[in-house]
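Reader: I'm new to this one. Could you take a close look at a single part for me and tell me what surrounds it?

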Amino acid sequence: MEFDLLASIGLTASAAVAVSVLAVGFGEDIWGRLRIAGGLTLWFVLVTIMAVTEVLNYQHGVGAPGLGVAVILPIVILSVGVLRSPSLRRTLQTIPLFMLIGVHAIRVLGVTFLILYAAGRLPAPFAPVAGRGDVMVGLAAGPVAWLVYKYGAAVRPTVLVWNLLGLLDLAAAIGLGAVSSPGPLQLIFTEPGSAIMTTLPWLLIPGFLVPLLASTHLAVFYRLNRSESFVDKGKMLLNARHPMRDN
């Protein structure tokens, strides 16, 4: 379908933006950035293959339980990997916080859920809840990131509320998607189900973008819990990398 093709382009572009931001933010040098970008790209390719082969489709593969693993396992791997790596953990403490927040602007593409719902291809309440939540979080990401850059720790409560709502939105979407999909976890039996989320290009959302963005939410919580200077370190690092930025 033409809409699916446009969505493929949009989701791939969003993934590229997220990969680029995180590679630049977490990479200490060009080789570190290339390694991070390469690892995330490999993950993206793996999810694409899973979508093409429909390995997570209930009729042809493992269904909702497998999709749950595809969402949760990367979050665990990314979190443990960053915390166990001295260089990545050090970077986590210094990466500009507004970068971790601003990357969520790509979530405005959650409007695709609303379009699919209007077209009768996704059920309620999954699609409306996931779509509206993503759009609101995505629209707020830019202003919140700017406030963090401008005012630092003074806007900690705003960041905390935005981050909590953003993570809850992802959790709600995952849960509603699971109970709307054919399989042993299905509790909502309205038609259509959410089975298309295991196909291309839609698997890119729960299989790649959701775990990646959820991990950045956890990173923001980590930074909020570290110290009152949770922004200053990142801002100083950015100024050190680009000393002529304000000239």
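Author: Let's start with Val76, which counts as partly exposed because its relative accessibility is 44% (buried is under 20% relative accessible area, exposed over 50%, partly exposed in between, with a 1.4 Å probe and protein chains only). A word on the source: this is a predicted model, where local features need pLDDT of at least 70 and side-chain atom pairs count only at pLDDT 80 or more, while totals for chains, interfaces and linings use all residues. Residues are numbered from 1 along each chain as its sequence is written, and side-chain values use heavy atoms, leaving out hydrogens and water.

Val76 sits in helix H3, residues 64-84 (helices are DSSP runs of H or I, at least four residues, numbered from the N terminus).

Now for the pockets (on a 1 Å grid over the protein atoms alone, a pocket is an open set of points where a 1.4 Å probe fits, with protein on both sides within 12 Å along at least five of seven lines; lining residues have an atom within 4 Å of a point). The largest pocket holds about 540 Å³ of space (a volume is the space filled by probe spheres set on the points, which are joined across faces, edges and corners). Its lining has 22 residues, with Phe26, Leu78, Ser79, Val82 and Ser215 nearest the centre. H3 gives the most to that lining, seven residues. By class, the lining of the largest pocket has 17 nonpolar, five polar and no charged residues (Ala, Val, Leu, Ile, Met, Phe, Trp, Tyr, Cys and Pro count as nonpolar, Asp, Glu, Lys and Arg as charged, the others, Gly among them, as polar).

How values were computed
Helices (H or I, at least four residues) and strands (E, at least two) are DSSP runs, numbered from the N terminus.
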